[in-house]
Amino acid sequence: MAKRFLPTFMLVLGLLLTGQARAADPCADYVPQARPQNTGRDIVGRDLDKIGEQGHMLFAVYEDYPPYSWEESGTPRGVDIDIARLIAGDLGVEARFNFVAAGENLDADLRNNIWKGALIGGRVSNVMMRIPYDSAFKCRVEQVAFTGQYAGESIAIAYSKAEYPEEKPVPAYFRFDLVGVENDSISDFYLSSLVGGQLRANMRRFPSTGAAMEALDAGEVKAVMGPLAELEHGLTDKSAVHQPPLAGFAVSRWTLGVAVNFRYRPLAYAVDDAIYAALQDGRIAAIYESYGLTHSAPER
């Protein structure tokens with residue numbers, strides 16, 4: 001499995017390690033960016049009218065990323081896939097999918113998939129799913145409209161019920177007990193830096209949270225720390241999950257939405273309206289439930 005750097009991790013890591021979360025104006029240091037010039041229509045997406053005419057719209061989703069987006073026997077599956085189909089259905093068109101690998105950071109993902117396109121072999125999509133909402137980042141990246149907040153995400157700990165029959169594990173337990181994390185993830189950075197690095201000897205790194213959950217089921221680790229939905233997706237009758245207080249964790253919860261090219265505001269508004277309606281009538285919560293996941297309402 002390819003190594004994956006989720007953009008959320010890079011955003012939150014900056015807050016964790018530098019302590020620069022602003023309680024006041026997140027745009028205080030805003031510097032206007034240069035607008036993209038001489039950009040042809042074919043590489044900056046399509047407007048709402050054109051999408052209606054062509055009868056379909058393209059969604060960028062992360063590849064090999066259950067329970068959010070993956071392909072099974074050539075069929076797209078996952079929470080983000082179903083929400084994208086919901087959006088497209090509301091606009092009266094077909095949803096098509098561009099499975100993409102995560103770049104080195106969120107800036108690169110948005111540049112390659114929403115407003116410019118990759119230098120080699122890439123294509124711009126109408127909408128990109130699973131974008132962490134961050135007010136300061138929103139000020140800095142003008143080429144993108146951040147909208148359609150559809151869920152909250154948070155960090156949790158999955159654990160072996162046999163190893164912890166009474167007390168549920170908290171990070172302090174991992175001074176003595178083996179814990180699995182996705183390599184270079186927010187959980188990896190958090191546990192590595194906790195109490196002066198005393199937990200590092202008992203950390204086992206895996207290429208994905210899913211792989212860590214497989215190790216938990218096999219008894220190779222006693223617990224796994226990661227995003228709640230990914231942990232829930234990997235649970236078996238041997239394991240459970242909980243969300244204890246996490247000391248020193250600046251941002252253990254965040255909001256997820258979508259990204260649209262800044263040139264296509266009507267499309268962004270239409271997508272936001274579709275998501276808002278689906279939140280209100282319970283369709284998005286039902287999608288999460290269909291995958292055995294807990295839906296957390298976004299902080300809109």
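**View 1. Helix α9 on its own.** Helix α9 has 16 residues and spans 22 Å from first to last C-alpha, close to the 22 Å expected at 1.5 Å a residue (1.5 Å times one less than the number of residues). This is a predicted model: local features need pLDDT of at least 70, side-chain atom pairs count only at pLDDT 80 or more, and totals for chains, interfaces and linings use all residues. Residues are numbered from 1 along each chain as its sequence is written, and side-chain values use heavy atoms, without hydrogens and water. Helices (H or I, at least four residues) and strands (E, at least two) are DSSP runs, numbered from the N terminus. In α9, L267, A268, A270, V271, A274, I275, A278 and L279 are buried (under 20% relative accessible area, 1.4 Å probe, protein chains only). G282 follows α9, with a positive phi near 90 degrees.

**View 2. Where α3 crosses α9.** The axes of α3 (residues 79-91) and α9 (residues 265-280) come within 9 Å and cross at roughly 115 degrees. Axes are lines fitted to C-alpha atoms, for helices over the stretch in contact, with angles from 0 to 180 degrees between N-to-C directions. The two helices, α3 and α9, are therefore roughly perpendicular (65 to 115 degrees).

**View 3. Side chains between α3 and α9.** From α3, L86, I87, D90 and L91 meet L267, A270, V271, A274, I275 and A278 of α9 (heavy atoms within 4.5 Å). By class, this contact of α3 with α9 has nine nonpolar, no polar and one charged residues.

**View 4. W254 in strand β11.** W254 lies in β11, residues 253-261. W254 counts as buried because its relative accessibility is 10%. The C-alpha atoms of W254 and P132 are 6.8 Å apart, though 122 residues separate them along the chain.

How values were computed. Parallel < 35°, antiparallel > 145°, perpendicular 65-115°, else oblique. Nonpolar A, V, L, I, M, F, W, Y, C, P; charged D, E, K, R; others polar. Buried < 20%, exposed > 50% of the residue type's maximum accessible area, 1.4 Å probe, protein only.
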